[in-house]
Amino acid sequence: MKRSTCVFAALVCLLTIAKFTLASETINPAQESKNEETLWNLERAYWRYVQDNDLSAYSNLWHKDFLGWPSVNAAPVHKDHITDWITAQTSKGLVFKTGEFKPAAIHVTGDVAMVCYWITFKWLDKDGSGTAHTLRITHA
């Protein structure tokens, strides 16, 4: 067997052992609850940063290699365009106002988490008028 094949086989074996070891670990319920609280706090911060028009803090929530497809975009975007949906409204003089935040579900697997919730918000004009919108959100 070639040396590179042996090294590869050894790596696969080690990764398999690590996978089963990590999968068999028990999760402390208190730590799981703390992790969930942290995730919900990050989601609430997401909307607070939009409401405060804090584009820097909002952008810092996103991974440098982000790729996503916001519902308001015609095509997927990278991190450098993640605030476009906000500036498209604020450039018209509208102000974002967060309404109800209603958690639906959360699931953590290893170092990957999925959160699902409803958010209600308005884009307010100079008179403070705006239509309420409720969206279902899924974030990873």
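How many salt bridges does the structure hold? The structure holds one salt bridge, the term standing for a side-chain nitrogen of Lys or Arg within 4 Å of a carboxyl oxygen of Asp or Glu. Before you select it, note that this is a predicted model, in which local features need pLDDT of at least 70 and side-chain atom pairs count only at pLDDT 80 or more, while totals for chains, interfaces and linings use all residues. Residues are numbered from 1 along each chain as its sequence is written, and side-chain values use heavy atoms, with hydrogens and water left out.

**The salt bridge**

Select Lys-64 and Asp-65, which form the salt bridge, with 3.0 Å between the closest N and O atoms. Both Lys-64 and Asp-65 are exposed; by relative accessible area, with a 1.4 Å probe and protein chains only, buried means under 20%, exposed over 50%, and partly exposed in between. Side chains of opposite charge can pair when their charged atoms come close.

**The whole chain**

Now show the protein chain as a cartoon, where the secondary structure comes to four helices and five strands. These elements are DSSP runs numbered from the N terminus, helices being H or I with at least four residues and strands being E with at least two. Along the sequence they follow the pattern α-α-α-β-β-α-β-β-β. Of the 140 residues of the protein chain, 22% count as buried. If contact is taken as heavy atoms within 4.5 Å, residues 24 or more positions apart account for 45% of the contacts with a separation of 6 or more.

**The sheet**

Select β3, β4 and β5 next, which make an open sheet of three strands in the order β3-β4-β5, with antiparallel pairing. The edge strands are β3 and β5 (133-139), each of which pairs on one side only. Neighbouring strands of this sheet are turned by 15° against each other on average, direction ignored; the axes are lines fitted to C-alpha atoms, for helices over the stretch in contact, and angles run from 0 to 180 degrees between N-to-C directions. Two strands count as paired if DSSP finds at least two bridges between them. On one side of the sheet β3 and β4 pair over 12 bridges, and on the other β4 and β5 pair over seven bridges. In the hairpin of β3 and β4, which has two residues between the strands, Gly-110 takes a positive phi near 60°.

Centre the view on Tyr-117 in β4, which Pro-103 stands opposite and which itself stands opposite Ile-137 in β5. Leaving aside neighbours within four places in sequence, Tyr-117 is in contact with residues including Trp-40, Glu-43, Trp-47, Leu-135 and His-139.

Move along strand β4 to Lys-122, which is partly exposed, with a relative accessible area of 34%. The C-alpha atoms of Lys-122 and Thr-98, 24 residues apart along the chain, are separated by 6.6 Å. Beyond neighbours within four places in sequence, Lys-122 has contacts that include Phe-96, Lys-97 and Thr-131.

**The nonpolar core**

A nonpolar core is a set of buried Ala, Val, Leu, Ile, Met, Phe, Trp, Tyr and Cys residues joined through side-chain atoms within 4.5 Å. Of the 20 residues in the largest such core, select Trp-47, Tyr-58, Trp-85, Phe-96, Tyr-117, Ile-119 and Trp-123, which touch the most other members. The elements that give two or more residues to this core are α2 (29-51), α4, β3 (95-109) and β4 (112-124), and the largest share, five residues, comes from β4.

**The aromatic rings**

The structure holds 16 aromatic pairs, where rings of Phe, Tyr and Trp (its six-membered ring) pair if their centres lie within 6.5 Å, planes under 30 degrees apart counting as stacked, over 60 as edge-to-face and the rest as tilted. Select Tyr-46 and Tyr-58, which form a tilted pair at 5.0 Å centre to centre, with 55° between the planes. Tyr-46 lies in helix α2 and Tyr-58 in helix α3 (residues 55-60), so the pair ties together parts that are 12 residues apart in sequence. Both Tyr-46 and Tyr-58 are buried.

One aromatic cluster has among its members Tyr-46, Tyr-58, Trp-85 and Phe-121.

**A last stop at Thr-83**

Finish at Thr-83, in the loop between β2 (77-78) and α4 (84-90). Thr-83 is buried, with a relative accessible area of 14%, and, leaving aside neighbours within four places in sequence, it is in contact with Leu-55, Tyr-58 and Ser-59.
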